[in-house]
Every structure is written in C-alpha cells, then in structure tokens.
2 protein chains.
Amino acid sequence: MTEVAETKQDRIARRQVDKFDARRTELAIATLHTLAELGYARTTLREIAQKSEFSHGVLHYYFADKRDLLTEAVRQYEALCVTRYDDVVAQAVTAEQLCREFTDMFVATLRDDAPLHRLWYDLRNQSLFDESFRKDVLEIDERREEMIWRVIARYAELRNREPAISRATAYSVLDGLFQRALLGEFAGAGEPARALKRELPRVLELLVTGRPELG
Amino acid sequence: MTEVAETKQDRIARRQVDKFDARRTELAIATLHTLAELGYARTTLREIAQKSEFSHGVLHYYFADKRDLLTEAVRQYEALCVTRYDDVVAQAVTAEQLCREFTDMFVATLRDDAPLHRLWYDLRNQSLFDESFRKDVLEIDERREEMIWRVIARYAELRNREPAISRATAYSVLDGLFQRALLGEFAGAGEPARALKRELPRVLELLVTGRPELG
DNA sequence: GCAACTATTGGACGGTCGTCAAGATTTTAT
DNA sequence: ATAAAATCTTGACGACCGTCCAATAGTTGC
C-alpha cells in the first residue's frame with residue numbers, strides 16, 4: 001500500500017521533473033539563439049526572454065542565476081554540434097569520397113550555421129576569462145576533437161596511411177582553418193568557401209603523409 | 001610676417017597634437033591592460049581609468065566614446081604584436097636553428113603574454129558580432145599572417161623546399177595550434193608548452209613538404 | 001469542483017553602465 | 001605676472017542590468 005502510494009508519488013514527481021527539464025531546455029535553446037545573434041557581451045536576460053514566449057521573470061524560476069542559464073545553454077550547444085561528420089565517416093567507402101563529403105559538410109556548416117559557430121568561439125574564449133564556463137567548454141572541445149579525429153583516422157585508414165600528427169594537433173589545425181574561414185565569411189572578405197574547397201584536400205593529404213610500414 | 005606667425009602657430013599646434021596623441025596612446029594602453037585582465041564583456045570605462053592615473057571623466061576628453069577608445073586600444077595591440085618573430089627569421093642561418101628558435105619564441109610568448117593573447121582572440125571574435133572593430137581586426141590579422149609567412153617561407157628556403165600550403169592556410173594552422181595551447185595554459189590542462197615543442201617541428205616539416213623542382 | 005500546488009507575470013529594487021557638463025586646476029603664450 | 005587655453009575632477013543623469021517578490025493564472029490530485 002505504502003509502496004503503491006510511493007510509486008504513484010514517484011510517477012507524479014518524475015512527470016513534474018520531466019516537464020521542468022523540458023522547459024529548462026526550451027529556455028536554454030532560446031538563450032543559445034540570443035547568444036548567437038548578440039554575442040556573450042550583449043546577451044541579457046530580457047533579450048533572452050523576448051526570444052522565448054515568456055517574460056523575463058520566469059528565467060529565475062527555472063535557473064538559479066544568469067550563469068546557470070548560460071551554462072545550460074552551452075550544454076545545449078554540445079548536444080547540437082559534436083556529431084556533425086559522423087554520417088560522412090560512416091558512409092564513406094573511399095578516401096576521395098570521404099575527403100569530398102567532409103569538405104562539403106565543412107563548407108556547408110560554415111555557410112549555414114555561421115552565427116552558431118561564432119557563438120561557440122565566443123564562449124570558448126570567454127572561458128579564458130571566466131573559470132565557471134571552463135569545465136563545460138573543455139568537455140565540448142574534447143568532443144569536437146574526437147569528432148575530427150574520427151574523420152582523420154578513417155581517412156588515413158582508407159588511404160592506407162597513418163596520421164602524421166596527434167589527435168590534438170589535427171583538431172587544432174582544422175579548427176584554425178574553420179575559424180579563419182568564419183572571419184572571412186562575416187567580413188565578406190574573399191570567398192572563404194572556395195578557398196576551403198581548394199585547401200582542405202591538401203591539408204588532409206598532409207595530415208596523413210605517414211606510411212603504416214614506416215610507423 | 002603672416003607666414004612666420006603661421007609657422008609659429010603651427011609649431012604650437014603640432015606640439016599640442018603630439019601631447020594629445022601621447023596621452024591618447026597612454027590611455028589606450030591602460031585600456032589594453034584592462035581588456036587583457038577582464039575581457040571585453042567586463043571592461044568598463046571606470047575600470048580602465050583606475051588602471052591609469054586619471055579619473056574616468058578624462059576618457060571622454062580624449063576619446064569620442066567607448067568604441068573609439070577600444071578601437072585605439074586594438075591598434076595599440078597591433079603595434080606590440082605583429083613583428084614578434086622577425087629577429088628569429090633575420091638571424092637564423094640553418095633550418096634547424098630557425099625551427100628551434102621559432103618554437104622557443106612561440107612557447108615563450110604563450111607563457112609570458114597569455115593575458116594579452118586571450119585579449120586578441122576576444123577582440124577578433126568580437127568583430128564577428130560588432131562590425132565597428134572588423135576593419136582594424138582584419139588588418140591586424142593580415143599583419144600576423146605576413147609575420148607567420150615570413151617564418152614559413154624562410155624555413156622552406158633554408159630547407160630548399162617549397163611551402164606545401166598557401167599563406168592563409170599556414171597562418172590558420174599555426175594560429176589554431178596557438179589557440180589550443182592557450183586554452184590549455186589557462187585551464188591548467190596537460191602541458192601545452194611541452195606538447196607544442198614536440199608537435200611544432202613536425203608541423204613545420206609538413207608545411208614545407210613540397211620540392212622546389214616539383215612545386 | 002475545490003483546495004493545494006505549480007507556473008508565470010510584471011513591476012520594483014539596488015547597482016552599474018556610458019555619457020555629459022560645470023567647475024577646479026594646470027599649462028601656456030605673451 | 002596674468003589672461004587665455006588646456007586639461008582634469010567630480011558628481012549627476014537616464015538607461016539598463018540581474019535579481020527578487022507579491023500577485024495572478026493555470027494545473028493537478030482527490
């Protein structure tokens with residue numbers, strides 16, 4: 001009897017928790033959009049609320065404070081953006097195909113998700129000043145690194161080569177290229193997409209110059 | 001007579017302008033230090049004034065508004081940081097020496113000037129949101145690119161090779177590595193300096209794999 | 001259908017921001 | 001030496017910030 005009552009209570013409690021979490025996520029995503037549009041420095045709670053369907057007061061019902069909200073937003077970014085190339089890796093059967101489709105995806109997300117990407121770089125850089133973001137940022141960076149490494153490792157495998165550089169270096173190199181292209185994209189300078197399509201295959205080639213036999 | 005009076009006036013005017021500019025520069029450097037410490041989002045005029053020997057009101061005597069002051073600060077950064085490796089390039093007589101001294105300098109500035117570097121990345125990223133910084137940022141980025149290219153081109157020359165990638169790519173790659181190491185530096189994760197000393201020579205090698213005869 | 005609880009509103013608060021201007025102080029020209 | 005011009009300080013201003021809270025609306029369990 002007591003047990004039945006408890007499980008009922010539990011069911012109710014769980015449903016409430018689920019609903020609570022769902023709204024938290026909803027508000028965190030609204031936060032993400034605000035950050036992508038305005039950047040960290042100009043993102044305010046009232047702006048965030050305006051992007052959702054609620055008033056600004058509700059944010060303190062679901063989040064302890066602004067930091068809590070922003071942290072949750074960062075985690076939402078993670079859920080969105082760390083598996084982008086996995087399909088490409090899974091489906092490629094030749095090195096040329098992987099190279100081409102990776103490059104295409106790279107350029108496509110540069111074009112389509114530019115505001116989201118500038119948000120990521122903004123938050124990552126913010127973590128250099130504000131310790132409270134650092135843990136989540138490092139975890140996402142790690143996931144991004146793994147994502148890139150899956151591409152490079154598979155590409156090397158298909159080429160019957162070995163990567164010439166470490167996992168961290170591979171990520172840094174491609175991240176640097178992406179950031180550069182993103183700046184060009186916003187500045188309207190040159191044609192970053194075209195430049196990437198030309199340069200990325202060469203870079204991939206360089207990153208797997210090692211021969212398996214030679215280690 | 002009129003001419004003499006005018007040149008005298010001019011001399012006075014010029015001296016005043018010089019003094020005015022000197023103080024502008026002084027305040028812009030104070031701004032730079034504040035930005036390096038607090039980041040763009042938390043840098044306020046009163047904080048900046050506190051880092052100088054003046055009160056906050058004086059900032060509007062020398063600068064039209066906050067944006068004007070920050071823009072001048074960005075230009076001061078440029079004067080500081082776009083010729084860092086030139087001595088290394090000028091004095092190196094062998095590829096091994098250039099590689100070693102470039103790597104040492106790279107790691108040294110990562111360690112010694114970390115706050116200044118995080119400021120640069122903060123401002124560069126800010127230019128993705130705020131158009132008013134973009135022009136100056138792009139110019140500095142261009143100068144950094146040239147600085148890096150002088151290193152790579154000279155290294156290739158000493159190795160009797162040709163660079164395997166474009167100027168922009170070379171810069172992006174090394175910038176990505178630096179940014180990664182900077183994050184590691186602030187997060188206290190691993191030993192970014194050690195990792196760089198290990199990886200940088202390999203990367204340089206990869207960047208100049210082209211042969212002059214075949215290139 | 002009614003009480004208990006959850007969810008949401010919107011305004012008020014103390015604080016800080018950029019900006020400005022009036023006045024004090026220092027420097028300069030003669 | 002002194003008047004004029006420059007430099008600098010101080011305090012105030014309206015705006016906006018994050019936070020909080022009393023009141024209201026909506027939902028749920030029984």
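The legends below describe close-up views of a predicted model.

**View 1. Packing of helix 7 of chain A against helix 7 of chain B.** In each chain, helix 7 spans residues 114-126. The two helices pack at an angle of about 155°, and their axes lie 10 Å apart. An angle over 145 degrees counts as roughly antiparallel, so helix 7 of chain A is roughly antiparallel to helix 7 of chain B. The crossing of this pair is left-handed. Chain A contributes A:Arg118, A:Tyr121, A:Asp122 and A:Asn125 to the contact, and chain B contributes B:Arg118, B:Tyr121, B:Asp122 and B:Asn125. By class, the residues of this helix 7 contact are two nonpolar, two polar and four charged.

**View 2. The side of chain B that touches chain A.** The contact between the chains takes 36 residues from chain B and 36 residues from chain A. On the chain B side, two or more residues come from each of helix 7, helix 8, helix 9 (167-187) and helix 10 (192-207). Helix 9 of chain B gives the largest share of that side, 13 residues. The side of chain B that touches chain A consists of 20 nonpolar, nine polar and seven charged residues.

View 3. The largest share, four residues, comes from helix 1 of chain A. Six nonpolar, seven polar and five charged residues make up the surface near DNA strand C.

**View 4. Surroundings of DNA strand D.** DNA strand D is surrounded by 19 residues, of which A:Thr44, A:Asp65, B:Phe54, B:Ser55 and B:Gly57 are the closest. The elements giving two or more residues to the surface near DNA strand D are helix 2 (45-51) of chain A and helix 1 (2-38) of chain B. Helix 1 of chain B provides the largest share of this surface, four residues. The surface near DNA strand D has six nonpolar, eight polar and five charged residues.

**View 5. B:Asp136 in helix 8 of chain B.** Helix 8 of chain B covers residues 131-159 and includes B:Asp136. B:Asp136 counts as partly exposed because it has 19 C-beta neighbours inside 10 Å, and a residue is buried if there are 20 or more. Not counting residues up to four places away in sequence, B:Asp136 touches B:Thr71, B:Val74 and B:Arg75. B:Ala181 lies 45 residues from B:Asp136 along the chain, with 25 Å between their C-alpha atoms.

**View 6. A:Pro201 in helix 10 of chain A.** A:Pro201 belongs to helix 10 of chain A, residues 192-207. With 15 C-beta neighbours inside 10 Å, A:Pro201 counts as partly exposed. Leaving aside neighbours within four places in sequence, the contacts of A:Pro201 are A:Cys99 and A:Thr103. A:Cys99 is 102 residues from A:Pro201 in sequence, and their C-alpha atoms are 6.4 Å apart in space.

Terms used. Residues are numbered from 1 along each chain as its sequence is written. Chains are lettered from A and ligands numbered from 1 in the order in which they are written. This is a predicted model: local features need pLDDT of at least 70, side-chain atom pairs count only at pLDDT 80 or more; totals for chains, interfaces and linings use all residues. Axes are lines fitted to C-alpha atoms, for helices over the stretch in contact, and angles run from 0 to 180 degrees between N-to-C directions. Angles under 35 degrees count as roughly parallel, over 145 as roughly antiparallel, 65 to 115 as roughly perpendicular and the rest as oblique. A crossing is left-handed if the near helix is turned anticlockwise from the far one by less than a right angle, and right-handed if clockwise. Two residues are in contact if their C-beta atoms, placed from the backbone, lie within 7 Å. Ala, Val, Leu, Ile, Met, Phe, Trp, Tyr, Cys and Pro count as nonpolar, Asp, Glu, Lys and Arg as charged, and the others, Gly among them, as polar. A residue is buried if 20 or more other C-beta atoms lie within 10 Å of its own, exposed if 12 or fewer, and partly exposed in between; C-beta atoms are placed from the backbone. A residue is near a molecule or strand if its C-beta atom, placed from the backbone, lies within 6 Å of it.
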